[in-house]
Amino acid sequence: MTAVVGVDIGTTSAKAAAFDADGAMHGRSDAGYELHEPQPGWVEQDPVAVVDAVMGLVPEAGPVAFSSAMHSLVGLDARDRPVTPLITWGDTRASVQAERLKAEHPELHARTGTPLHPMSPLAKLCWMRECEPETFAAARRWAGVKELVVHRLTGEWVIDHSVASGTGLMRLSTLDWDPEALALAGVEPGQLPRLVPAKQRLGDVIVGAGDGPLANLGVGAVEPGVAACSIGTSGALRLMVEDPAVDRAGRIFCYALTPGRWTVGGAINNGGVVLEWLSETFHAPIEALLDEAAAVPPGSEGLIMLPYLLSERAPHWSALPRGAYVGLSHAHGRGHLVRAALEGVCQQLALVLASLDDAGYEVREIRATGGFARSELWRQTLADALGMPVGFTAAREGSAFGAALLGMEALGIADSIGRAAGLIAVTETVEPDPAAAAVYDRLRPTFEGVYDALLPAFRALREEG
């Protein structure tokens, strides 16, 4: 049986795994690469090093399909040599430009599906033009990480509709570049890769899509009302729908996958990274901290944490917020601090779920994956905060599996997207505890209100540097 290799180009590592049409995996490998933070808020990589690492995972023969982290940007000169680092989704240097775009051009979010946030290449291009004009002028082409890899393999400069829908530069209704967005960014269509469908074949290469939409595919969350939730370093809650749209409040994104399959939802910056920070701060293993947190009742006895250590994305889409504990008293100990952090992450995902509901999207089932699933406390807290059962699936390498399924459909091997739900087994379902769910539901307006109350302070702190 023909196997397709799915390659997921992540933020700090790439994974490759071969799958057949029945979903069986036939080997996997991975490769890591470094993130660089030369200044606070700058998160970038060496584009050559990343592409070299990914190329080491690509088979010499046979079909390969790609997934990649979205929102990255690199400038290239007339000979296609990088003139900038690879600027990642986590980079917030364009926060001033993003706030200006949100204030002056709010309609762009509805047209492009991409929130007006410093993660977007639109905001990054505005920053580059204003803050590094010589470098901006030297760039003859702008691309993202997956486009670099596909060009290395095929010699073609193409970008799929899925990744392009996360740039803030593509109009959802036409699947073409948005003239106003390009004018604001100061680039011409010829400076960008050619737009192609996610199932576009270039020989044995299937161009693929963004990691978010493919993660839904990889856990079988493809039917109406079935959402995918993930908590790794960051987190996300996404739902597939038939037509592109965003909510009027601008709280959710809309990214493409294939015709008739769009992903709406929100990503959060702070997931497992919050526990990692606590582990480093307290010089204690994460497992020990979780044991202490489990002894604390839901609601952390009046302690709330805003888990915005890396600022935040959905549903506020702002680079301003910072982490904060509110309600701290002498009665609170380390276990309370840890439990409040877990609850903060899960409450943030609950706000994304509420945003989907406010936008008119019904979520009737949630499938979850990620490193957090190893913790019983994490699993239960998520179900309690979301207020509905959460199903956990067998590990399938997530977006890499989704990329392989997309590749199979592009090759005509199988209707893999339609069969995805049947290929993925839910191995455990966690039911919410009614009493705990009631606590979190009662606290959620306060949790959200604290963000609003502290926003002026966050703004002042940014001005202080």
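In this predicted model, serine 300 sits in the loop that runs between α11 and β19. With a relative accessibility of 0%, serine 300 falls under the 20% cut-off and so counts as buried. Valine 296 belongs to that loop too, between α11 (286–294) and β19 (304–306). At 7% relative accessibility, valine 296 is also classed as buried. Setting aside neighbours within four places in sequence, the contacts of valine 296 are Gly335, His336 and Arg339. Between valine 296 and glycine 155 there are 57 Å in space, C-alpha to C-alpha, and 141 residues in sequence.

Two other loops have backbone features to note. Leucine 175, in the loop between β10 (170–171) and β11 (176–177), has a phi near 55°, again a positive value in a residue other than glycine. Leucine 175 is partly exposed, with a relative accessible area of 29%. In the loop between β19 and β20 (324–326) lies proline 315, and the peptide bond joining alanine 314 to proline 315 is cis, with omega at about -5°.

Turning to the sheet, 7 strands line up in the order β17-β18-β16-β15-β21-β22-β23, forming an open sheet with mixed pairing. β17 (253–258) and β23 (426–430) are the edge strands; each has a single partner, so one side of each is left without a neighbour in the sheet. On average, neighbouring strands of this sheet are turned by 30° against each other, ignoring direction.

On one side, β16 (residues 235–241) pairs with β18 (residues 261–268) in the antiparallel sense, over 7 bridges. Within that pairing, arginine 238 is opposite glycine 265 of β18, while alanine 236 faces alanine 267 of the β18 strand. β16 also pairs with β15 (residues 226–231), in the antiparallel sense and over 5 bridges. Here alanine 227 has leucine 239 of β16 as its bridge partner. The two strands β15 and β16 make a hairpin, with 3 residues between them. As for burial, 7 of the 7 residues of β16 are buried, so the strand is largely enclosed by the rest of the structure. Gly235, Leu237, Leu239 and Val241 point one way from β16, Ala236, Arg238 and Met240 point the other way, and all are buried.

The largest nonpolar core has 91 residues, and the members touching the most others are Leu122, Trp142, Leu169, Trp177, Trp378, Leu382 and Leu386. Helix α12 (residues 334–358) supplies the largest share of this core, at 12 residues. A second, separate core holds 30 residues, including Val5, Val50, Ala143 and Val149. Back in the largest core, tryptophan 378 is one of the members with the most core partners. Beyond its neighbours within four places in sequence, tryptophan 378 is in contact with Ile231, Gly271, Leu275, Leu290, Leu342, Val345, Cys346 and Phe372.

One of those contacts, Cys346, leads on to the cysteines. The disulfide count comes to 0. Cysteine 126 is in no disulfide, and the nearest cysteine sulfur, that of cysteine 131, is 10 Å away. For cysteine 346, the closest cysteine sulfur is in cysteine 229 at 7.9 Å, which is too far for a bond because a disulfide needs the sulfurs within 2.5 Å. Both cysteines are covered: cysteine 126 is buried at a relative accessible area of 3%, and cysteine 346 is buried at 0%.

Cysteine 126 also belongs to the buried part of α4, together with Pro121, Leu122, Ala123, Lys124, Leu125, Trp127 and Met128. The helix (residues 121–131) is mostly covered, with 8 of its 11 residues buried. Those buried residues pack against β7 (86–87), α2 (95–104), α3 (107–112), α5 (133–138), β8 and α8 (179–185). In strand β8 (residues 141–143) lies arginine 141, whose side chain makes a polar contact with the side chain of aspartate 80 at 3.0 Å. Again leaving out neighbours within four places in sequence, arginine 141 is in contact with Val74, Gly75, Leu76, Asp80, Trp157 and Gln191.

Methods
Residues numbered from 1 in each chain as written. Predicted model: local features only at pLDDT ≥ 70, side-chain atom pairs only at ≥ 80, totals over all residues. Heavy atoms only, no water. Core = buried A, V, L, I, M, F, W, Y, C linked by side-chain atoms within 4.5 Å. Buried < 20%, exposed > 50% of the residue type's maximum accessible area, 1.4 Å probe, protein only. Helix = DSSP H or I, 4+ residues; strand = E, 2+ residues; numbered from the N terminus. Contact = heavy atoms within 4.5 Å. Polar contact = N/O pair within 3.5 Å; in protein donor to acceptor, adjacent residues only side chain to side chain. Pairing = 2+ DSSP bridges. Axes fitted to C-alpha atoms, helices over the stretch in contact; angles between N-to-C directions.
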